[in-house]
Amino acid sequence: ASLMAFKMNENHWNVLIDFMESHKEFARGQFVGPSGKTTQRKLWEQLSGKLNSLGHGISKASGKMAKGKIYKCQICYL
C-alpha cells in the first residue's frame, strides 16, 4: 500500500522547528552512549506523534514526500 504524499503546512513546520530547537542532539543526529539509539527512537516517535496529530497537510497531485532526514538537514542550516 502506498502512502498519500503531502506538503507540510505552516503548522507542521512550526512543530518540527520547535522540536529541533528543543532537542539539538536530535537535530544534529548526535546520540552517544549506550542509550543513544533508544533515545533517538523515542524522540522520533514523539516528533511523528506530534506531526501526525496535526493531520495531513496540503495534498500533492504527484511525487513522493522526501525522507525526514532531508527536512532535518534543511532545518539544521537555517
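Here are legends for a few close-up views of this structure, which is a predicted model. Residues are numbered from 1 along each chain as its sequence is written, and side-chain values use heavy atoms, with hydrogens and water left out. Local features need pLDDT of at least 70 and side-chain atom pairs count only at pLDDT 80 or more, while totals for chains, interfaces and linings use all residues.

**View 1. Helix H1, from end to end.** Helix H1 covers residues 10–22; helices here are DSSP runs of H or I with at least four residues, numbered from the N terminus.

View 2. Which residues of H1 are buried? They are His12, Leu16, Phe19 and Met20, where buried means under 20% relative accessible area, exposed over 50% and partly exposed in between (1.4 Å probe, protein chains only). These four cover an arc of only 95° around the axis, which puts them on the same side of H1; the arc is taken from the directions from the helix axis to the C-beta atoms. An α-helix has 3.6 residues a turn, so residues three or four places apart point the same way. Glu10 and Ser22 are exposed on the other side of H1.

**View 3. Rings around Phe26.** The whole structure holds three aromatic pairs, meaning rings of Phe, Tyr and Trp (its six-membered ring) with centres within 6.5 Å; planes under 30 degrees apart count as stacked, over 60 as edge-to-face and the rest as tilted. Phe26 and Phe31 make an edge-to-face pair, 6.4 Å centre to centre with 70° between the planes. Phe26 also pairs edge-to-face with Trp44, at 4.9 Å and 70°. Phe26 is buried at 0% relative accessibility, whereas Trp44 is partly exposed at 30%. Together, Phe19, Phe26, Phe31 and Trp44 form one aromatic cluster.

**View 4. His23 in its loop.** His23 sits in the loop between H1 and H2. With 19% relative accessibility, His23 counts as buried. Beyond its neighbours within four places in sequence, His23 is in contact (heavy atoms within 4.5 Å) with Leu43 and Gln46.

Technical notes:
Helices (H or I, at least four residues) and strands (E, at least two) are DSSP runs, numbered from the N terminus. The expected span of a helix is 1.5 Å times one less than its number of residues.
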